[in-house]
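Follow the chain below from its strands to its aromatic rings, and then to one loop.

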Amino acid sequence: MKYHFKIHKERKGYWAECLELKGCVTQGDSFEELKKNMEEALNLFLDEPSTSKATFPLPLKRVKGRGIIKVPVSPKVALAFLLRNSRLGRKLTQQQTAKLLGMKGLYSYQRLECSKTANPEFETIIKIKKAFPELPLDELLAA
């Protein structure tokens, strides 16, 4: 999954803003530093706690213009983000979602919505896709 950043050049460096996520901005003294900072800012912006009710838009498919680059989201952050967005879009609690996925306890599900612990087995990914067919899991691989 990749978001679009507009790059701005200034006298003493660069700054960039994510076009899809208002408020996601960063800067760097060099272009290389800016690229690193964009990935970090994007992942931090999307990495909401699993208890958060905040949702964010998916990246746009295409953005035209000068000075725009695509920045990838970490696959673990993307999984937690996509799953939380889908759950909240259906107005489900974490407990309801755990039950929907056939999980024994709430904690097992909460681990999926946390980027630091999200590392599902293949069988769990299949269950997630069956429960949330709209979830664009292919976006996780588009790094």
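A hairpin of two residues joins strand β1 to strand β2. Helices (H or I, at least four residues) and strands (E, at least two) are DSSP runs, numbered from the N terminus. β1 covers residues 2-10, and six bridges join β1 to β2 in an antiparallel arrangement; two strands count as paired if DSSP finds at least two bridges between them. Within this pairing, phenylalanine 5 stands opposite cysteine 18 of β2. This is a predicted model, in which local features need pLDDT of at least 70 and side-chain atom pairs count only at pLDDT 80 or more, while totals for chains, interfaces and linings use all residues. Residues are numbered from 1 along each chain as its sequence is written, and side-chain values use heavy atoms, with hydrogens and water left out.

On to the next strand. β2 is also joined to β3 (residues 25-28), by four bridges, and these two strands run antiparallel. They form a hairpin with six residues between them, and glycine 23 in the turn has a positive phi of about 95°. Tyrosine 14 stands opposite glycine 28 in β3.

Which residue lies over the face of tyrosine 14? Lysine 9 does, at 4.8 Å from the ring centre; a charge sits over a ring if NZ of Lys or CZ of Arg is within 6 Å of the ring centre and within 35 degrees of the ring normal.

The structure holds three aromatic pairs. Rings of Phe, Tyr and Trp (its six-membered ring) pair if their centres lie within 6.5 Å; planes under 30 degrees apart count as stacked, over 60 as edge-to-face and the rest as tilted. One of the pairs is formed by tyrosine 14 and phenylalanine 31, edge-to-face, with 5.7 Å centre to centre and 70° between the planes. This pair links distant parts of the chain, since tyrosine 14 belongs to strand β2 (residues 13-18) and phenylalanine 31 to helix α1 (residues 31-46), 17 residues apart. Tyrosine 14 counts as partly exposed because its relative accessibility is 23%, and phenylalanine 31 is partly exposed at 31%. Buried means under 20% relative accessible area, exposed over 50%, and partly exposed in between (1.4 Å probe, protein chains only). Elsewhere, ring pairs link Phe45, Phe56 and Phe81 into a cluster.

The last stop is the loop between α2 (75-89) and α3 (94-100), where lysine 91 is found. Most residues other than glycine have a negative phi. Lysine 91, although not a glycine, has a positive phi of about 60°. Lysine 91 counts as exposed because its relative accessibility is 73%.
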